[in-house]
Amino acid sequence: MIRSLLYVPASSERFIAKAHERGADAIILDLEDGVAPNEKVKARGNLRDAVPAVARNGASVFVRINAGADAIFADAEAACRAGAFGLLVPKTREPQALVRLATHLEKIERDAARSQMRLVPMIEDPGAVFDARAISVATPRIFALLTGSEDLATAMGAEPTPDVLRLPKLLVHMAAKAAGVLSFGLMRSVADYSDREGIVRACHEARDFGFDGASCIHPSVVPILNEAFSPSLEKIEEARRMVAAFEAAKAQGKGAFVFNGKMVDEPIVARARALLATLPR
């Protein structure tokens, strides 16, 4: 499970030093918007030490690279050699760009004798929203999709309000689910991290829609995400009892049965099995 992904500027030694203590399931070392232009080369060089540092408590480490032609491959190589699990690829507009990036990584991975990196395309303009299905299957490296709220709103000439973001985020979410990859995000911007009540509501809404987790820019949001995207003990126990009841009904030749006063059949049991599959073994 990756419930929470915390952005940390790769240029900030202070934030990097504390990142492993924040409880996030994943750390995103940012080389893009969180880093000043004159600090980007230095931040890239920091990855060698920063990746293992933020992973000390078991967090998966992603690096958000720069999309520009002058930086994308150099950023990707530095992240790969530093041992990052995956890359967030901002401003992804078409599948072929991901294929080129994957081809570039193959050579570096062989040289470094390391496992294959995973890719998380960031959908950040209206055209990419409609191409999200093709982007989600561009390469087997695709791990998840994520919609960039602020950039998308800017590209639309809009404000990043929940009403504006809801439709495009759901379209990208549907594309991810159709492809069988993870879907990260809330149907609101991550910028206003002080609105705790709003974030809690958005988390539960996203969980109801089947989102797997979300990113955040402040460590105070991490426990909110972890709680919201974790099944409760009651839900876990209910799922276990439902699966057991289904097996008993099936042994009696029944395809549907009554559970807790409701009619239950295969799709409902499949959701219970999926929930149980997310639990640690």
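This is a predicted model: local features need pLDDT of at least 70, side-chain atom pairs count only at pLDDT 80 or more; totals for chains, interfaces and linings use all residues.
## Salt bridges and cavities

Across the whole structure, a search turns up 16 salt bridges, each being a side-chain nitrogen of Lys or Arg within 4 Å of a carboxyl oxygen of Asp or Glu. Residues are numbered from 1 along each chain as its sequence is written, and side-chain values use heavy atoms, with hydrogens and water left out.

**A buried pair and its network**

- Arg64 and Glu32 join their side chains in a salt bridge, with 3.4 Å from N to O.
- Arg64 belongs to strand β3 (residues 60-64) and Glu32 to the loop between β2 (26-30) and α2 (40-54), so this pair ties together parts that are 32 residues apart in sequence; helices (H or I, at least four residues) and strands (E, at least two) are DSSP runs, numbered from the N terminus.
- Both Arg64 and Glu32 are buried, where buried means under 20% relative accessible area, exposed over 50%, and partly exposed in between (1.4 Å probe, protein chains only).
- A network of salt bridges links Asp30, Glu32, Arg64, Lys91 and Asp151.

**Two further pairs**

- Glu94 and Arg100 form a salt bridge whose closest N and O atoms are 3.2 Å apart; Glu94 is partly exposed at 30% relative accessible area, and Arg100 is partly exposed at 43%.
- Asp195 pairs with Arg188, the closest N and O atoms being 3.3 Å apart. Here Asp195 is partly exposed, at 29%, whereas Arg188 counts as buried at 11%.

**The cavities**

- A cavity is a set of points, on a 1 Å grid over the protein atoms alone, where a 1.4 Å probe fits but cannot get out, and lining residues have an atom within 4 Å of a point.
- The largest cavity holds about 50 Å³ of space, and its lining includes Arg188, Asp192, Tyr193 and Cys216.
- By class, that lining of the largest cavity has six nonpolar, two polar and two charged residues; Ala, Val, Leu, Ile, Met, Phe, Trp, Tyr, Cys and Pro count as nonpolar, Asp, Glu, Lys and Arg as charged, and the others, Gly among them, as polar.
- The second largest cavity holds about 40 Å³, and β6 (144-147), α8 (162-179) and β7 (182-184) each supply at least two residues of its lining.
- Among the lining residues of the second largest cavity are Leu145, Lys169, His173 and Phe211, and the lining divides into five nonpolar, four polar and one charged.

Methods:
On a 1 Å grid over the protein atoms alone, a cavity is a set of points where a 1.4 Å probe fits but cannot get out, and a pocket is an open set with protein on both sides within 12 Å along at least five of seven lines; lining residues have an atom within 4 Å of a point. Grid points are joined across faces, edges and corners, and a volume is the space filled by probe spheres set on the points.
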